[in-house]
Amino acid sequence: MQFMDSHIHLQDIKLIHATDFIFQARQLGIKKFICVSAQEEDWLWALGWAKCFPDKVIPAIGLHPWYAAQCPKNWEECLEGLLQAHPKALVGECGLDGAKGRDVSGQLPFFEKQIMLAEKYHRPLLIHSVHAVRETLSALNSVKTPFVWHSFAGSAETAAQIIKQGGYLGVNLGFLKSKHWKNVLKSIDVCNILLESDAPYQYSPESILELCTGLNNFYGKDISEIFYQNSLRFINGGK
(Lines give C-alpha, C1' and ligand atoms only; values in the text may rest on other atoms or scores of the structure.)
Protein backbone atom coordinates (compact mmCIF):
# COMPACT_ATOMS: atom_id res chain seq x y z
CA MET A 1 0.00 0.00 0.00
CA GLN A 2 1.08 3.57 -0.66
CA PHE A 3 -0.36 6.79 0.67
CA MET A 4 -0.13 10.55 0.38
CA ASP A 5 -0.76 12.72 3.42
CA SER A 6 -2.72 15.52 1.75
CA HIS A 7 -2.55 17.95 4.69
CA ILE A 8 0.39 18.14 7.08
CA HIS A 9 2.26 21.06 8.65
CA LEU A 10 5.80 19.69 8.49
CA GLN A 11 7.33 22.98 9.58
CA ASP A 12 5.41 22.76 12.87
CA ILE A 13 6.59 19.27 13.79
CA LYS A 14 9.52 19.77 16.11
CA LEU A 15 12.01 17.35 14.68
CA ILE A 16 15.74 17.02 15.19
CA HIS A 17 16.24 14.70 12.26
CA ALA A 18 13.82 15.47 9.44
CA THR A 19 15.35 12.80 7.24
CA ASP A 20 14.55 10.18 9.88
CA PHE A 21 10.93 11.32 9.93
CA ILE A 22 10.58 11.03 6.16
CA PHE A 23 12.23 7.61 6.19
CA GLN A 24 9.98 6.31 8.97
CA ALA A 25 6.89 7.55 7.17
CA ARG A 26 7.98 5.86 3.96
CA GLN A 27 8.38 2.61 5.86
CA LEU A 28 4.66 2.89 6.66
CA GLY A 29 3.81 3.45 3.01
CA ILE A 30 3.39 7.23 3.21
CA LYS A 31 5.22 8.19 0.03
CA LYS A 32 4.32 11.86 -0.32
CA PHE A 33 3.17 14.82 1.76
CA ILE A 34 1.42 18.07 0.96
CA CYS A 35 3.19 20.46 3.32
CA VAL A 36 0.65 23.15 4.18
CA SER A 37 1.41 26.64 5.46
CA ALA A 38 -0.80 29.07 7.37
CA GLN A 39 1.01 32.43 7.37
CA GLU A 40 3.80 34.24 5.59
CA GLU A 41 6.52 33.06 7.95
CA ASP A 42 5.67 29.45 7.01
CA TRP A 43 5.98 29.86 3.26
CA LEU A 44 9.74 29.53 2.94
CA TRP A 45 9.72 26.60 5.36
CA ALA A 46 7.20 24.70 3.22
CA LEU A 47 9.16 25.50 0.07
CA GLY A 48 12.36 24.46 1.84
CA TRP A 49 10.96 21.05 2.70
CA ALA A 50 10.01 20.59 -0.93
CA LYS A 51 13.51 21.58 -2.05
CA CYS A 52 15.10 19.08 0.33
CA PHE A 53 12.71 16.27 -0.64
CA PRO A 54 11.48 17.12 -4.16
CA ASP A 55 10.05 13.66 -4.87
CA LYS A 56 8.23 13.46 -1.53
CA VAL A 57 7.01 16.92 -0.48
CA ILE A 58 4.57 19.16 -2.34
CA PRO A 59 4.47 22.68 -0.87
CA ALA A 60 1.28 24.65 -0.31
CA ILE A 61 1.61 28.33 0.53
CA GLY A 62 -1.26 30.45 1.70
CA LEU A 63 -2.84 32.62 4.37
CA HIS A 64 -5.05 30.90 6.94
CA PRO A 65 -8.09 32.99 7.99
CA TRP A 66 -6.85 33.09 11.60
CA TYR A 67 -3.85 35.14 10.48
CA ALA A 68 -5.49 37.38 7.87
CA ALA A 69 -5.63 40.42 10.15
CA GLN A 70 -1.94 40.05 11.09
CA CYS A 71 -0.44 39.75 7.63
CA PRO A 72 1.80 42.47 6.15
CA LYS A 73 0.36 44.82 3.56
CA ASN A 74 2.39 43.31 0.74
CA TRP A 75 1.42 39.68 1.48
CA GLU A 76 -0.39 39.24 -1.84
CA GLU A 77 2.60 40.47 -3.83
CA CYS A 78 4.93 38.16 -1.88
CA LEU A 79 2.63 35.16 -2.36
CA GLU A 80 2.31 35.77 -6.08
CA GLY A 81 6.08 36.10 -6.45
CA LEU A 82 6.62 32.76 -4.74
CA LEU A 83 3.96 31.07 -6.88
CA GLN A 84 5.71 32.39 -9.99
CA ALA A 85 9.06 31.11 -8.74
CA HIS A 86 7.75 27.70 -7.64
CA PRO A 87 5.48 26.22 -10.30
CA LYS A 88 4.68 23.12 -8.23
CA ALA A 89 3.43 25.05 -5.20
CA LEU A 90 -0.25 24.78 -4.35
CA VAL A 91 -2.29 27.54 -2.68
CA GLY A 92 -3.38 27.17 0.93
CA GLU A 93 -4.36 26.71 3.61
CA CYS A 94 -6.92 29.43 2.99
CA GLY A 95 -10.60 29.93 3.58
CA LEU A 96 -13.09 31.21 6.15
CA ASP A 97 -13.55 30.56 9.86
CA GLY A 98 -16.57 31.78 11.80
CA ALA A 99 -15.82 29.92 15.04
CA LYS A 100 -15.58 31.82 18.34
CA GLY A 101 -17.29 34.87 16.86
CA ARG A 102 -14.65 35.47 14.18
CA ASP A 103 -15.63 37.92 11.44
CA VAL A 104 -16.03 35.93 8.23
CA SER A 105 -16.79 39.03 6.17
CA GLY A 106 -13.43 40.50 7.13
CA GLN A 107 -11.64 37.32 6.04
CA LEU A 108 -13.40 37.13 2.69
CA PRO A 109 -11.19 39.60 0.73
CA PHE A 110 -8.07 37.62 1.71
CA PHE A 111 -9.71 34.38 0.65
CA GLU A 112 -10.89 35.82 -2.66
CA LYS A 113 -7.42 37.11 -3.49
CA GLN A 114 -5.95 33.65 -2.94
CA ILE A 115 -8.63 32.08 -5.10
CA MET A 116 -7.75 34.61 -7.81
CA LEU A 117 -4.05 33.68 -7.61
CA ALA A 118 -4.86 29.96 -7.73
CA GLU A 119 -6.94 30.53 -10.84
CA LYS A 120 -4.33 32.78 -12.45
CA TYR A 121 -1.51 30.26 -11.98
CA HIS A 122 -3.65 27.12 -12.30
CA ARG A 123 -2.87 25.81 -8.82
CA PRO A 124 -5.07 23.57 -6.67
CA LEU A 125 -6.48 25.09 -3.47
CA LEU A 126 -6.48 23.73 0.09
CA ILE A 127 -9.58 25.01 1.85
CA HIS A 128 -10.21 25.67 5.54
CA SER A 129 -13.87 26.21 6.38
CA VAL A 130 -15.33 26.27 9.89
CA HIS A 131 -18.83 27.57 10.63
CA ALA A 132 -18.84 29.16 7.19
CA VAL A 133 -20.02 26.50 4.74
CA ARG A 134 -22.42 28.73 2.81
CA GLU A 135 -19.94 31.60 2.50
CA THR A 136 -17.08 29.29 1.49
CA LEU A 137 -19.10 27.51 -1.17
CA SER A 138 -20.28 30.86 -2.52
CA ALA A 139 -16.70 32.12 -2.84
CA LEU A 140 -15.73 28.90 -4.65
CA ASN A 141 -18.79 28.87 -6.88
CA SER A 142 -17.08 29.64 -10.17
CA VAL A 143 -13.54 28.33 -9.64
CA LYS A 144 -12.06 26.20 -12.36
CA THR A 145 -9.06 24.95 -10.40
CA PRO A 146 -9.59 21.89 -8.15
CA PHE A 147 -9.81 22.33 -4.40
CA VAL A 148 -9.85 20.07 -1.37
CA TRP A 149 -12.08 20.78 1.64
CA HIS A 150 -9.69 20.07 4.48
CA SER A 151 -10.85 18.07 7.54
CA PHE A 152 -14.30 17.41 6.15
CA ALA A 153 -16.85 16.10 8.67
CA GLY A 154 -20.08 17.56 7.30
CA SER A 155 -23.31 16.21 5.88
CA ALA A 156 -23.93 14.24 2.72
CA GLU A 157 -25.65 17.31 1.25
CA THR A 158 -22.59 19.50 1.86
CA ALA A 159 -20.31 16.80 0.45
CA ALA A 160 -22.40 16.61 -2.71
CA GLN A 161 -22.24 20.37 -3.20
CA ILE A 162 -18.46 20.46 -2.73
CA ILE A 163 -18.00 17.72 -5.30
CA LYS A 164 -20.45 19.36 -7.70
CA GLN A 165 -18.31 22.50 -7.60
CA GLY A 166 -15.17 20.52 -8.47
CA GLY A 167 -13.84 19.84 -4.98
CA TYR A 168 -12.45 16.88 -3.09
CA LEU A 169 -13.16 15.89 0.50
CA GLY A 170 -10.03 15.82 2.67
CA VAL A 171 -10.73 13.39 5.52
CA ASN A 172 -8.70 12.46 8.58
CA LEU A 173 -9.39 9.99 11.38
CA GLY A 174 -11.96 12.37 12.86
CA PHE A 175 -14.17 11.72 9.83
CA LEU A 176 -14.90 8.20 11.10
CA LYS A 177 -16.08 9.73 14.38
CA SER A 178 -18.54 12.13 12.75
CA LYS A 179 -22.25 11.35 12.75
CA HIS A 180 -22.56 11.71 8.98
CA TRP A 181 -19.65 9.65 7.69
CA LYS A 182 -21.52 6.54 6.54
CA ASN A 183 -24.20 8.58 4.78
CA VAL A 184 -21.49 10.65 3.11
CA LEU A 185 -19.68 7.58 1.80
CA LYS A 186 -22.91 6.06 0.53
CA SER A 187 -23.68 9.19 -1.46
CA ILE A 188 -20.35 9.98 -3.14
CA ASP A 189 -17.80 8.37 -5.40
CA VAL A 190 -14.63 7.20 -3.63
CA CYS A 191 -12.61 9.05 -6.29
CA ASN A 192 -13.49 12.31 -4.52
CA ILE A 193 -11.68 11.49 -1.25
CA LEU A 194 -8.18 12.47 -0.14
CA LEU A 195 -6.57 11.20 3.08
CA GLU A 196 -4.87 13.55 5.54
CA SER A 197 -3.49 13.71 9.06
CA ASP A 198 -3.31 17.47 9.77
CA ALA A 199 -0.24 16.68 11.87
CA PRO A 200 0.78 17.90 14.36
CA TYR A 201 -2.59 19.53 15.17
CA GLN A 202 -5.11 16.71 14.85
CA TYR A 203 -3.50 13.34 14.17
CA SER A 204 -0.12 11.80 13.45
CA PRO A 205 0.79 10.71 9.90
CA GLU A 206 0.49 7.09 11.04
CA SER A 207 -3.24 7.67 11.59
CA ILE A 208 -3.72 7.53 7.82
CA LEU A 209 -3.23 3.77 7.96
CA GLU A 210 -5.97 3.42 10.59
CA LEU A 211 -8.20 5.74 8.59
CA CYS A 212 -7.66 3.73 5.43
CA THR A 213 -8.44 0.49 7.28
CA GLY A 214 -11.74 1.96 8.45
CA LEU A 215 -12.64 3.06 4.94
CA ASN A 216 -11.61 -0.30 3.47
CA ASN A 217 -13.86 -2.04 5.99
CA PHE A 218 -16.78 0.16 4.98
CA TYR A 219 -16.32 -0.60 1.28
CA GLY A 220 -15.51 -4.25 1.92
CA LYS A 221 -12.29 -4.20 -0.09
CA ASP A 222 -8.85 -2.62 -0.19
CA ILE A 223 -9.16 0.67 -2.05
CA SER A 224 -6.02 2.33 -0.69
CA GLU A 225 -4.53 2.72 -4.17
CA ILE A 226 -7.58 4.72 -5.26
CA PHE A 227 -6.91 7.28 -2.51
CA TYR A 228 -3.29 7.59 -3.60
CA GLN A 229 -4.27 8.09 -7.23
CA ASN A 230 -6.86 10.68 -6.16
CA SER A 231 -4.10 12.65 -4.45
CA LEU A 232 -1.84 12.49 -7.50
CA ARG A 233 -4.68 13.69 -9.70
CA PHE A 234 -5.38 16.57 -7.33
CA ILE A 235 -1.80 17.88 -7.12
CA ASN A 236 -1.59 17.71 -10.90
CA GLY A 237 -4.66 19.90 -11.28
CA GLY A 238 -7.27 17.27 -12.06
CA LYS A 239 -10.84 17.16 -10.81
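Let's start with strand β2 (residues 30-36), which is mostly covered: six of its seven residues are buried. This strand belongs to an open sheet of eight strands with parallel pairing. As you explore, keep in mind that the model is predicted.

**The sheet as a whole**

- Reading across the sheet, the order of the strands is β1-β2-β3-β4-β5-β6-β7-β8.
- Which strands form the edges? The edge strands are β1 (3-8) and β8 (193-195), and each of them pairs on one side only.
- Neighbouring strands of this sheet are turned against each other by 30 degrees on average, direction ignored.
- Here is a piece of background: strands of a sheet pair through backbone hydrogen bonds, and the pairing can be parallel or antiparallel.

**Strand β2 and its two partners**

- On one side, β2 runs parallel to β1, and four bridges join the two strands.
- Within this pair, Ile-8 stands opposite Cys-35 of β2.
- β2 also pairs in the parallel sense with strand β3 (residues 57-61), again over four bridges.
- Cys-35 has a bridge partner in β3 too, namely Pro-59.
- How does the chain get from β2 to β3? The chain crosses through helix α2 (residues 40-52), and this β-α-β crossover is right-handed.

- Strand β4 (residues 90-97) and strand β5 (residues 125-130) are joined over five bridges, in the parallel sense.
- To find this pair in the structure, look for Leu-96, which stands opposite Ser-129 in β5.
- Helix α4 (residues 104-120) lies across β4 and β5, and runs at about 160 degrees to β4.

**A closer look at Asn-230**

- Where is Asn-230 found? This residue sits in helix α9 (residues 224-235).
- Is Asn-230 buried or exposed? Its relative accessible area is 1%, so Asn-230 counts as buried, the cut-off being under 20%.
- A polar atom of the Asn-230 side chain lies 2.9 Å from the backbone oxygen of Ile-193.
- Leaving aside residues up to four places away in sequence, Asn-230 touches Tyr-168, Val-190, Cys-191, Asn-192, Ile-193 and Leu-194.

Notes. Residues are numbered from 1 along each chain as its sequence is written. This is a predicted model: local features need pLDDT of at least 70, side-chain atom pairs count only at pLDDT 80 or more; totals for chains, interfaces and linings use all residues. Side-chain values use heavy atoms; hydrogens and water are left out. Two strands pair if DSSP finds at least two bridges between them. Axes are lines fitted to C-alpha atoms, for helices over the stretch in contact, and angles run from 0 to 180 degrees between N-to-C directions. Contact means heavy atoms within 4.5 Å. Buried means under 20% relative accessible area, exposed over 50%, partly exposed in between (1.4 Å probe, protein chains only). A crossover is right-handed if, with the strands pointing away from the viewer, the path from the first strand over the helix to the second runs clockwise. A polar contact is a pair of N or O atoms within 3.5 Å; within protein, one must be able to donate a hydrogen and the other to accept it, and residues adjacent in sequence count only if both atoms are side-chain atoms.
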